[in-house]
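Here is a friendly briefing to read with the model open on your screen. Take it a topic at a time and find each element as you go.

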Amino acid sequence: MRISNSVAAIDPPWPVKSERTSVAVAERKPASAPTQKLDEKSDDVLITLFQSGEEDAFRILVQRYQERVRNLIHSIFHDPFLVDDLAQEVFIKAYLALPNFRFESSFYTWVYRIAVNKSRDEMRRRKVKKWLSFASMAETTDKEFHEKTAVHPVNNEAQELVAKGLELLPEKFRVPILLKDIDGFSYEEMANVMQCELGTVKSRLSRGRAMLRIVLKPLLEEAE
Amino acid sequence: MKTYTRKQLSHALSLYLDGALNETERRELEEYISAHPDAQQELNELRNLERLLADRPKLKENPVFWAKLSAALKHPQAETETILPFPRKFVPAVAMAGIAVLVLGGVFLFQNRDQLGEFFSEKSKIVKDVYEQGVLKGSILPLFSDIDKNQVLQFSLLGTLSLDSKQESSLRVDEEAEKGYRIEFGKGKTKQTKPVTVQNFKEEVQLSSKQEKVIDSMLAVMKDRIEASVLVSENDALVIDPELSKLNRVMVSNIAASLEPTQRVRFNRFLETRDAPYMVSVQQVRRDSRERTRQTLVNIHKAHGFQQFLVVTADTVIYAKVDINIDSIRNEFEAKFRHMPPMMPRADRVMRMLRDRELAAFPRTRALPRSLQVYGDSQAFSIEIEKEMVAPEITGHSIDVLPRMRATARSRPSMRGFGFQFVSPGTGESLSVKFFDESGRAFDSMVPLPGQRYQKTYPPKLDSLMKAMDEKRMREESGLPQDRRRQEE
């Protein structure tokens, strides 16, 4: 096991990375004094520390963005059973790829990109599974169960309709709306996350909004 | 004032909402909105939508998310379950390969559509004939259900089974040296040779009591196989397993394998005096007698299980898969009739069916493979089967069973064969025959004349040698030392 503050300047070779993979991150003391200092550092500094062997920096990054990633996934799938599993996969992928992070984008757009890609994978998998097997039946049952037992927030009717409307949108129009209107991303950040041109982002966002406006028209007229 | 199409307006409003228009674009759009209530309405709705989206309830925080994640990082598994059996990067290549296979397959099917159409219509016709039009109508019974041990042995060694009490018609199975096997249902008395009975066999070959039990077991298994190989349906259709044609060869081979060397010589002599179609030639026997016995029984059981049957009715011949379970047939008849109906009336019916039709005019249906020929004349109904048609012979021992021409020369021109006593394996048409003169001297000779029969004699020297070997074997079996046995004698 690597010691947390052992090395600073040497790039870790691959075997070290794999060793890092098996490091017991949870065993580290979460509330120690150096960690409090870590909390105040920027994403880029934390990444640099992580790349130089400071494993605890990753915990700060996760805690900083875990809720945003979970909410993004929830907005895409509306499936509370999936959120934590998929978010976990997102951060595992980030953990494995972070040693090679090149600071060409911000950490959170990078993590969002991973989350969007993972969500796309999950959608494809669900489509194939639905086509191939009876898995969808089980999913439906779970979903129905959740709908019957979940405690909804206030104004749930309107929000449920919005959620249903979002579900109707194709993924390529749904994601830009979520990024812009829920997470407040700029067009450039959205292009980074969606891995497409700026013009495409603008076009997809406007088309997505237009489609959603048509779907939710009665609700939107009422809200005036 | 600038005008907008529906799509342009949606796009511009979206950008306006995000503050992404430049000053000129913004002013032009605002002018348009003020002049068009619909556009104003759309903008209002988009603003409401933006507000609703921004107000979306957040998920409750998961306080154990990090704990779970760190546990997962301790034991990183495959990142994600994949339903593809190969990496995703190969998807395009696999898809291309799949498309290529589909296209080539489609081209092949299109080019061969006529043959495929014929094939499927033919197959469906066979199934229709066999099952729907009642080629096999009603119950089905084994033709040979109550044959005794002597008849089983006779079939095993000579390949013949009487179909009637007067022995005027019979089932014959034999092998043509080159071509293959033949199954015949024929009229006419078979030539009487010395009788083949189990008792005669045991006495002449001089079986030990242990060997007698082994032979009895083999005969019981053989009886079952014969029973399951020739069946007759309620509407007199005859159902024949082509494997029947080689059953007696397998049986001769297995009997020989269970014998000691001197007994095999006597067995050969037994076969010859009964004018049997086969003789045995031992190259090398590796296993001990117990292993040979075990292997023998395994072999006979292994020979069972060919599910392609030849179905012969009064007006058609079909080679088709028929699902026949002999055990269930037996059970059915035990339950229904308590006793199986006697065999002879069934055999008589079959012979009458064959007699009543013009046998030579059997239509060669397309369902028959080339390696299976069915034809007949006024005296016999004959099925000829090429050797590759039947499953290869399963032998756990190195005993060659060689065809030999019987003394009763067949009058039918279709029957071909060579007369010889000893033949070197694999020599084809050239026959190497070994003669013995009266003094016991042996010499080899090439026999040029097919069909000529040579009398093989066993000179006194050989007989005395066999006697000495028998005595040695008996001593070994009794377990007494040689000198003590001499004293007792």
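The points below cover the two chains, their contact, and a few local features.

This is a predicted model, so please read every value here as computed from it. Chain A has twelve helices and zero strands, whereas chain B has 16 helices and 14 strands. The two chains meet in a contact that takes 47 residues from chain A and 34 residues from chain B.

**Chain A overall**

- Chain A has 224 residues, of which 31% count as buried.
- Among the contacts in chain A with a separation of 6 or more, 64% join residues 24 or more positions apart.

**Chain B overall**

- Chain B has 489 residues, and 29% of them count as buried.
- For contacts in chain B with a separation of 6 or more, residues 24 or more positions apart account for 70%.

**Where the chains touch**

- The contact draws 47 residues from chain A and 34 residues from chain B.
- On the chain A side, at least two residues each come from H4, H5 (80-97), H6 (107-132), H8 (156-168), H9 (171-182), H11 (198-215) and H12 (217-222).
- Sorted by class, that side of chain A has 21 nonpolar, ten polar and 16 charged residues.

**A helix pair in chain A**

- Helix H3 (residues 43-51) of chain A packs with helix H4 (residues 56-77) of chain A at an angle of about 145 degrees, and their axes are 8 Å apart.
- The crossing of H3(A) and H4(A) is left-handed.
- From H3(A), the residues taking part are Asp43(A), Leu46(A), Leu49(A) and Phe50(A), and they meet Ala57(A), Phe58(A), Ile60(A) and Leu61(A) in H4(A).
- In the contact of H3(A) with H4(A), seven residues are nonpolar, none is polar and one is charged.

**A covered helix in chain B**

- Helix H10 (residues 247-257) of chain B is mostly covered, with eleven of its eleven residues buried.
- The buried residues of H10(B) include Arg249(B), Asn248(B) and Asn254(B), as well as Leu247(B), Val250(B) and Ile255(B).

**Paired strands in chain B**

- Strand S5 (residues 230-233) of chain B pairs with strand S1 (residues 140-142) of chain B in the antiparallel sense, over three bridges.
- In that pairing, Leu141(B) stands opposite Val232(B) in S5(B).
- S5(B) also pairs with strand S6 (residues 238-240) of chain B, again in the antiparallel sense over three bridges.
- Val232(B) turns up here too, standing opposite Leu238(B) in S6(B).

- As background, most residues other than glycine have a negative phi.
- His78(A) is not a glycine, yet it has a positive phi of about 55 degrees.
- You can find His78(A) in the loop between H4 and H5 of chain A.
- His78(A) counts as partly exposed because it has 17 C-beta neighbours inside 10 Å, while a buried residue would need 20 or more.
- Gln206(B), also a residue other than glycine, has a positive phi near 60 degrees.
- Look for Gln206(B) in the loop between helix H8 (198-205) and helix H9 (209-229) of chain B.
- Gln206(B) has 16 C-beta neighbours inside 10 Å, so it counts as partly exposed.

Key:
Residues numbered from 1 in each chain as written. Chains lettered and ligands numbered in written order. Predicted model: local features only at pLDDT ≥ 70, side-chain atom pairs only at ≥ 80, totals over all residues. Axes fitted to C-alpha atoms, helices over the stretch in contact; angles between N-to-C directions. Helix = DSSP H or I, 4+ residues; strand = E, 2+ residues; numbered from the N terminus. Left-handed = near helix turned anticlockwise from the far one by under 90°. Contact = placed C-beta atoms within 7 Å. Nonpolar A, V, L, I, M, F, W, Y, C, P; charged D, E, K, R; others polar. Buried ≥ 20, exposed ≤ 12 C-beta atoms within 10 Å, placed from the backbone. Pairing = 2+ DSSP bridges.
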